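Here is a quick tour for anyone opening this model for the first time. Have a look at the structure, then read on.

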Amino acid sequence: MIVLYAFLGILSLGVLFVAKKTIELKNGRKKAADDRAKMKIKKLTAPGVVKSLTVLPLIDFYADQPDLKTEAGVSYLIRTDDATILMDVGFNAKKEHPSPLLQNMETLGVSTSEIDMIFISHAHLDHLGGLADQKQKTFSLSQGPVALSGIPVYVPVPIAASHWNPGPKNHVINDPVVIEPGIVSIGIIHRFLFLIGRTLENALAINVEGKGIVLIVGCGHQTIERIIERTLALFDAPIYGIIGGLHFPVNGGRIMLGPVNIQQLVGSDNPPWRSIRESDVQNAIAAIEKVSPKIVALSSHDSSDWSLDQFRRAFGNAYLDIRVGKEIVI
Ligand SMILES: [Zn+2]
Ligand SMILES: [Zn+2]
């Protein structure tokens with residue numbers, strides 16, 4: 001009898017929790033839609049261009065060679081003719097020092113002294129260097145000291161460098177902004193997710209001379225449809241490439257708790273019984289096809305192998321795998 005009461009008690013708490021979250025979701029989604037509508041997006045008058053662009057994945061779920069570390073997080077080294085940008089700093093789920101990021105940098109011959117700026121896409125643990133950083137609203141390249149000089153850090157919400165890597169100066173950027181000629185943050189796109197709540201994410205748009213805009217995306221919580229819409233509103237140039245995470249843990253995921261696909265549950269703005277599904281992947285593919293990019297590269301850190309395969313089939317020769325150590329040359 002006691003077992004039955006305990007079971008019913010837990011069940012009721014579960015139902016209450018889901019009911020509370022579902023109400024929050026309804027209100028949060030409305031507020032996010034209002035906030036999106038409030039943003040005044042104008043064509044950029046002088047976005048500038050870069051002559052060259054490469055993207056070297058330093059952290060992702062798959063690697064190009066066995067001596068590189070992998071995890072369900074993101075860090076990309078973006079190099080233009082003028083600037084070297086570290087976008088996001090990985091997950092470091094095991095709280096290591098040196099972190100997988102630092103180990104891969106060492107293996108790939110990349111020094112922290114090369115980095116001119118850091119761009120944090122959003123405040124989730126797999127992009128900030130771990131759960132403690134997410135809680136403390138900081139980011140860490142490793143769980144030990146890493147010397148970074150006073151380089152700028154561009155963040156969508158207040159996030160400071162942790163005590164492990166003091167020095168960088170953070171700049172909160174909400175609106176679209178030209179960071180340097182040809183290097184643009186497209187600005188936050190408001191979203192409200194089940195469990196995680198309000199999520200503000202930035203993406204980079206690099207304007208490559210003679211080619212067009214290359215979008216580099218962290219987790220893609222904005223939805224690629226809205227990222228494309230924002231990009232077309234900001235630039236006259238065509239979208240040449242889409243690189244990064246689009247969050248499609250469909251028919252599998254990278255963080256499983258028993259049968260529960262955590263990424264599918266937390267990354268959706270629908271309740272669990274209507275979370276991210278196959279039709280969302282197909283809708284995203286259709287939205288990308290409309291702008292005919294020459295390069296589409298999906299991150300495996302927040303998408304399943306099934307989703308990667310859908311993109312591979314849809315984009316054929318334009319599709320590239322994002323693998324740690326495999327440089328994408330635009
Ligand atoms: Zn992510
Ligand atoms: Zn995320």
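## Ground rules

A residue counts as buried if 20 or more other C-beta atoms lie within 10 Å of its own, as exposed if 12 or fewer do, and as partly exposed in between, with C-beta atoms placed from the backbone. Helices (H or I, at least four residues) and strands (E, at least two) are DSSP runs, numbered from the N terminus.

This is a predicted model, in which local features need pLDDT of at least 70 and side-chain atom pairs count only at pLDDT 80 or more, while totals for chains, interfaces and linings use all residues. Residues are numbered from 1 along each chain as its sequence is written, and chains are lettered from A and ligands numbered from 1 in the order in which they are written.

## The whole chain

The chain has eight helices and 20 strands. Its radius of gyration (over C-alpha atoms) is 20 Å, close to the 20 Å from the globule rule (2.2 Å times the number of residues to the power 0.38) for 330 residues, so the chain is as compact as a globular protein of that length. Buried residues account for 45% of the 330.

## Helix 8

Start with helix 8, residues 305-315, where Ser307, Leu308, Gln310, Phe311 and Phe315 are buried. Viewed down the helix axis, these buried residues fall within an arc of 155° (taken from the directions from the axis to the C-beta atoms), so they line one face of the helix. They pack against helix 7 (278-290), strand 18 (295-298) and strand 19 (319-321), where a contact means C-beta atoms, placed from the backbone, within 7 Å.

Two strands pair if DSSP finds at least two bridges between them. One open sheet has seven strands in the order 9-10-13-14-15-18-19, with mixed pairing. Strand 9 (177-180) and strand 19 sit at the edges with a single partner strand each, so one side of each has no neighbour in the sheet.

Strand 14 (residues 212-217) and strand 15 (residues 239-244) pair in the parallel sense over five bridges. Val217 has Gly244 of strand 15 as its bridge partner.

## The cores

A nonpolar core is a set of buried Ala, Val, Leu, Ile, Met, Phe, Trp, Tyr and Cys residues joined through C-beta atoms within 7 Å. The largest has 68 residues, of which Tyr76, Ile120, Leu215, Ile216 and Ile243 touch the most other members. A second, separate core of six residues includes Ala32, Phe192, Leu193 and Val266.

Technical notes:
Two residues are in contact if their C-beta atoms, placed from the backbone, lie within 7 Å.
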